[in-house]
Amino acid sequence: MFANCNNLEEHENTHTIAAMGSRVFADCSKFHGDSNKTFVVTGKVDTAALEGTAIENLVYKTNHSIPKNFMKRNECLKSISIYGEIATIKSSAF
């Protein structure tokens, strides 16, 4: 959907996203989530959904597994908060 949008920096997550497909924000190298550089996951996510982004704080509020390459190549990630029961964290997720 937004993959490779090089100028996209911010997305105010004001609602619940039921699912994010594969590579939704992948390689949006300036994308950092909301104004606090936080991205909140509330639904199911697919492979590499946030790969290559600049998100600093991840809040994972779902019982779905963390997919392969989910935030791979993110050199800015500073904190992760997980709420829910995560059965699996797939390879190279972070």
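Is His 32 buried or exposed? His 32 is buried, with a relative accessible area of 11%. That value, like the others here, comes from a predicted model.

**Around His 32**

His 32 lies in the loop between β1 and β2. Leaving aside residues up to four places away in sequence, His 32 touches Glu 9, Glu 10, Lys 37, Thr 38, Ala 54 and Ile 55. Asn 4 sits 28 residues from His 32 in sequence. In space, the C-alpha atoms of His 32 and Asn 4 are 14 Å apart.

One of the contacts of His 32 is Thr 38. Thr 38 belongs to strand β2, which covers residues 38-41. Thr 38 counts as buried, at 15% relative accessibility. The side chain of Thr 38 reaches the backbone oxygen of Asn 36 at 3.2 Å. Beyond residues up to four places away in sequence, Thr 38 touches His 32, Gly 33, Asn 57 and Val 59.

**The sheet**

In what order do the strands of the open sheet stand? The order is β2-β4-β5, three strands in all, and the pairing is parallel. β2 and β5 (79-83) stand at the edges. Each of them has a single partner strand, so one side of each is left without a neighbour in the sheet. Neighbouring strands here are turned by 10° against each other on average, direction ignored. Strands of a sheet pair through backbone hydrogen bonds, either parallel or antiparallel.

β2 pairs with β4 (residues 57-61) in the parallel sense over four bridges. Val 40 has Val 59 as its bridge partner in β4. Val 41 stands opposite Tyr 60 in β4. On to the next pair: β4 and β5 run parallel and are joined by five bridges. There, Tyr 60 stands opposite Ile 82 in β5.

Why is β4 largely enclosed by the rest of the structure? Four of the five residues of β4 are buried, so the strand is largely enclosed.

**The nonpolar core**

The largest nonpolar core has 17 residues. Which of them touch the most other members? They are Met 20, Phe 39, Val 41, Leu 50 and Phe 70. The elements that give two or more residues to this core are β2 and β4.

Not counting residues up to four places away in sequence, Val 41 touches Met 20, Leu 58, Val 59, Tyr 60, Lys 61, Thr 62 and Phe 70. Met 20 and Phe 70 are also among the core members with the most contacts to other members.

**Two residues with positive phi**

Most residues other than glycine have a negative phi, and most peptide bonds are trans. Asp 27 has a positive phi of about 60° although it is not a glycine. Asn 69 also has a positive phi of about 60°, and it is not a glycine either. Where do they sit? Asp 27 is in the loop between β1 (19-20) and β2. Asn 69 is in the loop between β4 and β5. Asp 27 is buried, and Asn 69 counts as buried too.

| Residue | Relative accessible area | Class |
|---|---|---|
| His 32 | 11% | buried |
| Asn 69 | 14% | buried |
| Thr 38 | 15% | buried |
| Asp 27 | 18% | buried |

**The cysteines**

How many disulfides does the structure hold? It holds zero. A disulfide is a covalent bond between the sulfur atoms of two cysteines. The sulfur of Cys 5 has its closest cysteine sulfur in Cys 28, at 4.9 Å, which is too far for a bond. The cut-off for a disulfide is a sulfur pair within 2.5 Å.

Cys 5 and Cys 28 also fall into separate accessibility classes. Cys 5 is partly exposed, with a relative accessible area of 31%. Cys 28 counts as buried, at 0% relative accessibility.

Notes. Residues numbered from 1 in each chain as written. Predicted model: local features only at pLDDT ≥ 70, side-chain atom pairs only at ≥ 80, totals over all residues. Heavy atoms only, no water. Buried < 20%, exposed > 50% of the residue type's maximum accessible area, 1.4 Å probe, protein only. Polar contact = N/O pair within 3.5 Å; in protein donor to acceptor, adjacent residues only side chain to side chain. Contact = heavy atoms within 4.5 Å. Pairing = 2+ DSSP bridges. Axes fitted to C-alpha atoms, helices over the stretch in contact; angles between N-to-C directions. Core = buried A, V, L, I, M, F, W, Y, C linked by side-chain atoms within 4.5 Å.
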